Amino acid sequence: MLQKLTQWQRMRISQTLWQKQTGRLGFRWFHEQGLPTPFVLDEVQVLVSADVSLEVLQLRLSAAQEDGRLLDVQDPELLRDSFDASALHIKLILRGQLVASGRVILLQGERRRSEINQTLVELPDSVIVDSEVAEISRICTHPDYRRGHLLTLLLAECAWNAFLRGAQYLIGYCVESLVPVYLRFAGEQLPFSGRHPLYNGRESLVVRIDLNKVVRGEDVPWVAWARFLAPRLGVIEQSAPELHRWSFLLKSQGARLLRPYLNEALKLTLLRSA
């Protein structure tokens, strides 16, 4: 019966079921029923903490095991490492449940603070020895809540928090299949790679994101920039002269005018992935 419905009808059904469901019904259920992911970004609470909780460690383990890694690990405490203590932990909470998390480390020009440099591959000074470089890692989404723009929101939150703290570049590592995700957000693939012990010998590639470009919306999908970052720019406009250029002001004004329709535009992308 669902196959005879239009895409918008299926989205409306999905959204109605989500709103009526008070329990922890994940996105996976909707895919199993042939329905698109409900749009829930307006319900997500973002928490920033200097401490890593057991819940975050459990999420890291669950996400890894969903991907076929660390299948013999049972204790989530084994997912804690020395870099957690100096990191800023970004958490997305949906209906009281942790659904995504990641961490940002301000390197402060110190090699020892970089997980990439210590664990994956030694980086040259031109990449890492700079007080304005931050590192992103341990990005993970709950297995039942994937394909719903939570990863986009999480990356935007990590980038924003790094930028607010003075970072100009954000470096990270990922497997080859995820490189395009970073490239879409003012990112570039650097010529460095290694094999991280948490990835079962799979090669991980180093990527770098220009945070100034992200904030200005350059080399970034306009809808994502307008939805996730543009509403916050008033916080830094007074201290960022480059945000007063006519081209940027025009783009920002367009984002303000179209803000009521941005969620609908993002829903279209969820329909495509259904």
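This is a predicted model: local features need pLDDT of at least 70, side-chain atom pairs count only at pLDDT 80 or more; totals for chains, interfaces and linings use all residues.
1. Start with helix α1, residues 7-20. At 1.5 Å a residue, its 14 residues should span 20 Å.

2. Which residues of α1 are buried? They are Arg-10, Met-11, Ser-14, Gln-15 and Trp-18. These residues cover an arc of only 135° around the axis, and therefore sit on the same side of α1. The face turned away from that buried side carries Arg-12, Gln-19 and Lys-20, which are exposed.

3. Helix α3 covers residues 54-66. Its 13 residues should span 18 Å at 1.5 Å a residue. The C-alpha atoms at the ends of α3 are 18 Å apart, which agrees. After α3 comes Gly-68, with a positive phi near 85°.

4. What do the buried residues of α3 pack against? Three strands: β2 (88-94), β3 (97-106) and β4 (133-141). The buried residues of α3 are Val-56, Leu-57, Leu-59, Arg-60, Leu-61, Ala-63 and Ala-64. Note that an arginine, Arg-60, is on that list.

5. Next, the empty space inside. Rolling a probe the size of a water molecule over the atoms shows where such space is left. The structure holds 1 cavity of 30 Å³ or more. The largest cavity has about 150 Å³ of space.

6. Which residues line the largest cavity? There are 16 of them, and Leu-155, Ala-156, Ala-159, Phe-185 and Val-214 lie nearest its centre. The elements giving two or more residues to this lining are α6 (150-164), α7 (179-183) and α9 (222-228). Helix α6 gives the largest share, 4 residues.

7. The class make-up of that lining is worth a look. It has 15 nonpolar residues and 1 polar residue.

8. Finally, take Val-179, which belongs to helix α7. Is Val-179 buried or exposed? Its relative accessibility is 4%. Buried means under 20%, so Val-179 counts as buried.

9. What does Val-179 touch? Leaving out residues up to four places away in sequence, Val-179 touches Cys-174, Gln-189, Leu-205 and Val-207. Leu-79 lies 100 residues from Val-179 along the chain. The C-alpha atoms of Val-179 and Leu-79 are separated by 23 Å.

Notes
Residues are numbered from 1 along each chain as its sequence is written. Side-chain values use heavy atoms; hydrogens and water are left out. The expected span of a helix is 1.5 Å times one less than its number of residues. Buried means under 20% relative accessible area, exposed over 50%, partly exposed in between (1.4 Å probe, protein chains only). Contact means heavy atoms within 4.5 Å. On a 1 Å grid over the protein atoms alone, a cavity is a set of points where a 1.4 Å probe fits but cannot get out, and a pocket is an open set with protein on both sides within 12 Å along at least five of seven lines; lining residues have an atom within 4 Å of a point. Grid points are joined across faces, edges and corners, and a volume is the space filled by probe spheres set on the points. Ala, Val, Leu, Ile, Met, Phe, Trp, Tyr, Cys and Pro count as nonpolar, Asp, Glu, Lys and Arg as charged, and the others, Gly among them, as polar. The arc is that of the directions from the helix axis to the C-beta atoms.
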